[in-house]
Amino acid sequence: MSTLYARVFRQAWATFEQTGAADAKFGSNLHALRRLVDQLTLADIGLEPSLVATETFQQPTKAPCTYVGVFENDRFAMSVFVLRENYTMPLHDHPQMHGLLRVVSGAVQICSYSEIARRDTVEPRDGTLRRHVLVVAEPEKIISSAAGDCAVLTPTERNFHEITAIGGPAAFFDILSPPYNTASQPQYYFYRKVPVPRHLAEMEPLGFGGPNKPSALEDERPRYVLETIPNPEHYYCDTVHYATPEFMYQPEEGGGRGGGSTAVDRDF
């Protein structure tokens, strides 16, 4: 475990535990956190290169994705996902979350979308929620472990995405706040993408984009409707136990709560 990794954790603690999105210092704290996360490597986190080896994913019973639970409490979570070459983590949302994603091995392509409006309906037969979200497509982004860059999502921007490992297996480290498993956090969903003609974008509110952004008519980014789907059968993960670093057990020094790290099965 590196000194940089401890600094990342302590800055995440300061950002999400001591301030939060409503605090005036949140923006500067988040920026400082991103600058640190940009530098992380697989070795910093203390994971073996074999976790991302092509041979590992050639085993007949190997899942297409490996999940490593690094840390989680009620304010933020850290984890690592490893994807098989050419495998795409299905399109999903991050409701009301801030997030940072740093590739620590290999490279990924990220297709992200920002919400414009949504409509929820409930199936009368079984009470299942059906959600349709009108989104704009953000520019596709390729991030590698050598690029020194991370992807950032907010509650309103790039909050829906799918991630594909390219050129070999890839591993990425992420920080999400708030985490999925809190009682107050809305359920996440998987989606499929449906093209929508411009003249059918009646869901789009007037004035979308804000005063410093293109209007709906000026914004040429592609629009889609995202429709909720059941959890894809092809998406499942193996899990790997993670040895929690000592600094994550020391809240008064920027660490987490004892026992906060988890390595458990989860759909996402």
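Me: Let me start with one side chain. Is E157 buried, partly exposed or exposed?
Reply: Compare its relative accessibility with the cut-offs: buried is under 20%, exposed is over 50%. E157 comes out at 26%, so it counts as partly exposed. This is a predicted model.

Me: What does the side chain of E157 meet in a salt bridge?
Reply: R158, at 4.0 Å from N to O. R158 is partly exposed too, at 27%. Elsewhere, salt bridges with shared partners join R34, K141 and D149 into one network.

Me: How many salt bridges are there by this rule?
Reply: The count is 9. Take D149 and R34, whose side chains meet at 3.2 Å, N to O. The two sit in distant parts of the chain, 115 residues apart: D149 in the loop between strand 6 (141–144) and strand 7, R34 in helix 2. D149 is partly exposed at 22%, and R34 is partly exposed at 30%.

Me: Which residue does E138 pair with?
Reply: R221, in a salt bridge of 3.1 Å, N to O. E138 is in the loop between strands 5 (129–137) and 6, and R221 is in the loop between strands 9 (190–195) and 10 (223–229), so this pair ties together parts 83 residues apart in sequence. E138 is buried at 16%, while R221 is partly exposed at 27%.

Me: What is M78 in contact with, beyond its neighbours within four places?
Reply: Its partners include V8, F9, A12, F71, F173, I175 and M248.

Me: Is H161 buried or exposed?
Reply: Buried, because its relative accessibility is 6%. H161 lies in strand 8 (residues 160–177). Its side chain makes a polar contact with the side chain of H94 at 3.0 Å. Beyond near neighbours in sequence, the contacts of H161 also include H92, C111 and L153.

Me: Where is the pLDDT below 50?
Reply: Begin with the average: the chain has a pLDDT of 84, and 81% of residues score at least 70. Residues 207–211 fall below 50, with 10 contacts beyond near neighbours in sequence. Residues 253–268 also fall below 50, with 59 such contacts. Where pLDDT is low, predicted coordinates should not be read in detail.

Note on methods:
Residues numbered from 1 in each chain as written. Predicted model: local features only at pLDDT ≥ 70, side-chain atom pairs only at ≥ 80, totals over all residues. Heavy atoms only, no water. pLDDT = per-residue confidence, 0-100. Contact = heavy atoms within 4.5 Å. Helix = DSSP H or I, 4+ residues; strand = E, 2+ residues; numbered from the N terminus. Buried < 20%, exposed > 50% of the residue type's maximum accessible area, 1.4 Å probe, protein only. Polar contact = N/O pair within 3.5 Å; in protein donor to acceptor, adjacent residues only side chain to side chain.
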